[in-house]
Amino acid sequence: MNNSLFRKKSLEQILKNAEAESHANGGMAKILGVRDLVSMGIAAVIGAGIFSTIGAAAYDGGPGVIFLFIITAITCGFTALCYAEFASRVPVSGSAYTYSYVTFGEVVAWIIGWALILEYAIGNIVVAISWSSYFDNILQGVGIILPRWMVTDTTTAFKLYEAAQAAGKPLESLAWTAAPMLGDTRLIFNLPAFIIVILVTILAYIGIQESKKSANAMVGLKLIVLLVVVVVGVFFINTDNWTPFFPNEFSGVLKGVSAVFFAYIGFDAISTTAEECANPQRDLPKGMIYSLIICTIIYIVIALVITGMVNYSEFQGVADPLAYVFDKIGQPKVGYFISISAVVAATSVLLVFQIGQPRIWMSMSRDGLLPKAFSKIHPKYSTPSFATIMTGVLVAIPALFMDASLVTDLTSIGTLFAFVLVCGGVLVLPRENNTVKKSFSLPYINGQFIVPVLWIVFAFFSRERISGAFSHFGNEQHQEYLFLIFVFLSFGFSVFSFLRKWSLIPVLGVLCCSYLMIEIPINSWFVFFAWMAAGLLIYFGYGYRRSKIA
């Protein structure tokens, strides 16, 4: 019996087990090609980010926010190449969870699987709440006014009540005052968010074929709408709005890290559909890389257009920036059309994430770390039925009551953490078996001298911050402690890159993702550590003893 926490599965063992499970439970339908995967990647990435959080990022960074999109895209690009290497060598469902099982061992694989719940399931709570907000706006546009206590959460309702009370505004129509009472409790919930999660979960349950068609249709509509934004908006650009290009210097640009990175979350969800690809070793790498390139170009063009149409300073507190800029130039009908497309965009994100999460649970269940029900494949629909239902429950119920601002940063941490382990995993992958057919190989660039030189450049430009962090050690804010940890981490990677001639791309992926992580507020880190601790309790209480390789 192998009692090590870091017991690993070989590539051959994972492929053999997946094939055995497929024969035992009925295989999943292999119908996805490159075009379908690219469409799913765009469906996941072009969502709440471009229709919502791009406004907050533009307010902080001005037109220069396009460089943050480029930096984030490059970071995700390093990660996408590492995902592609894994996907080519391990063409099974499970994404970063399965990859970590090969490289770091079981306990790390469990941690990464638990972190991916943050990215997919909990991240979908944010998307569902955003969907509800846009849907409510559309209903109001046609004269349908839902009760305010039916379209919000308790925390937001109370904040709006306090703000209105302080400003001396009427309180009668507010959710906090109009909500019915159940004993001493106000009944305040977000019904549209709950309903859309249930509907999307049903779609994910009944089959990948139906989900593929729906995602393709929604992506087509989104791209048409964004093309309209660019074609119409370019005639209203005032180049004076691009001056200054960096109104808050580059530090202002970096304030939007969490918002912009949240806009990119999802391209890795493609890797969870490996067992439904016709040729996963060839198509998965192409699907991830192509979708990332397309989405980056779209983000940059849209950011330039909206910051040219309206001055960056007007985006403060704007939740629907694309619709807002057309309202400002006297084109409200275009703005209303964009609001409708935002609902479609959010729906497509929900669909891709609701497809991704059950397939990770399915892989964890196959390994014995979760109950066997999670790996059950529906005999008619060829989907992980129980896991899909549980994902719907996990998202739908919190979406009824939760404040979206609580989990946006948390989702970004969970995703970046997964990215760090995937990039690091490439560095410790076992030697390739020549009998395994591959259609993609990560380009090897010797980082022996490049990484140390980059670290010296980084240390030079950060010398004041590093010096200040050391001189005030013990009295610093927690954020600076995270920065110092990154300094030591990056130095360690520089040393090992020099000594072991590590590949440049995965090293840069680890360091870029780690740096983005330290820019996320410290309060979200405390919640993240609590989430990880809860996951470890479940692992030691259940998975450690029931693991199939134990």
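## Exercises on a predicted model

The side chain of Arg-359 comes within 2.7 Å of the backbone oxygen of Ile-355. The model is predicted. Work through the exercises below.

**Exercise 1. Is Arg-359 buried or exposed?**

Step 1. Locate the residue. Arg-359 sits in helix H15, residues 332-366.

Step 2. Take its relative accessibility. The value for Arg-359 is 1%.

Step 3. Apply the cut-off. Buried means under 20%. Arg-359 therefore counts as buried.

Step 4. Look for a partner. The Arg-359 side chain reaches the backbone oxygen of Ile-355.

**Exercise 2. Find how helices H4 and H13 are oriented relative to each other.**

Step 1. Find the helices. H4 covers residues 65-89, and H13 covers residues 280-309.

Step 2. Read the geometry. They pack at an angle of about 175°, and their axes are 9 Å apart.

Step 3. Classify the angle. Over 145 degrees counts as roughly antiparallel. So H4 is roughly antiparallel to H13.

Step 4. Sort the residues of the contact of H4 with H13. There are 20 nonpolar, four polar and no charged.

**Exercise 3. Describe the surroundings of Trp-531.**

Step 1. Locate the residue. Trp-531 lies in helix H22, residues 522-546.

Step 2. Relative accessibility is 22%, so Trp-531 counts as partly exposed.

Step 3. List what Trp-531 touches. Leaving out residues up to four places away in sequence, these are Trp-114, Ile-117, Leu-118 and Ile-122.

Step 4. Trp-531 and Gly-414 are 117 residues apart in sequence. In space, C-alpha to C-alpha, Trp-531 and Gly-414 are 9.8 Å apart.

**Exercise 4. Which elements of the chain have the lowest and the highest mean pLDDT?**

Step 1. Start with the chain. Its mean pLDDT is 81, and 88% of its residues reach 70 or more.

Step 2. Find the lowest element. Helix H1, residues 11-25, has a mean of 64.

Step 3. Find the highest element. Helix H18, residues 450-461, has a mean of 93.

Definitions and conventions: Residues numbered from 1 in each chain as written. Predicted model: local features only at pLDDT ≥ 70, side-chain atom pairs only at ≥ 80, totals over all residues. Heavy atoms only, no water. Helix = DSSP H or I, 4+ residues; strand = E, 2+ residues; numbered from the N terminus. Buried < 20%, exposed > 50% of the residue type's maximum accessible area, 1.4 Å probe, protein only. Polar contact = N/O pair within 3.5 Å; in protein donor to acceptor, adjacent residues only side chain to side chain. Axes fitted to C-alpha atoms, helices over the stretch in contact; angles between N-to-C directions. Parallel < 35°, antiparallel > 145°, perpendicular 65-115°, else oblique. Nonpolar A, V, L, I, M, F, W, Y, C, P; charged D, E, K, R; others polar. pLDDT = per-residue confidence, 0-100. Contact = heavy atoms within 4.5 Å.
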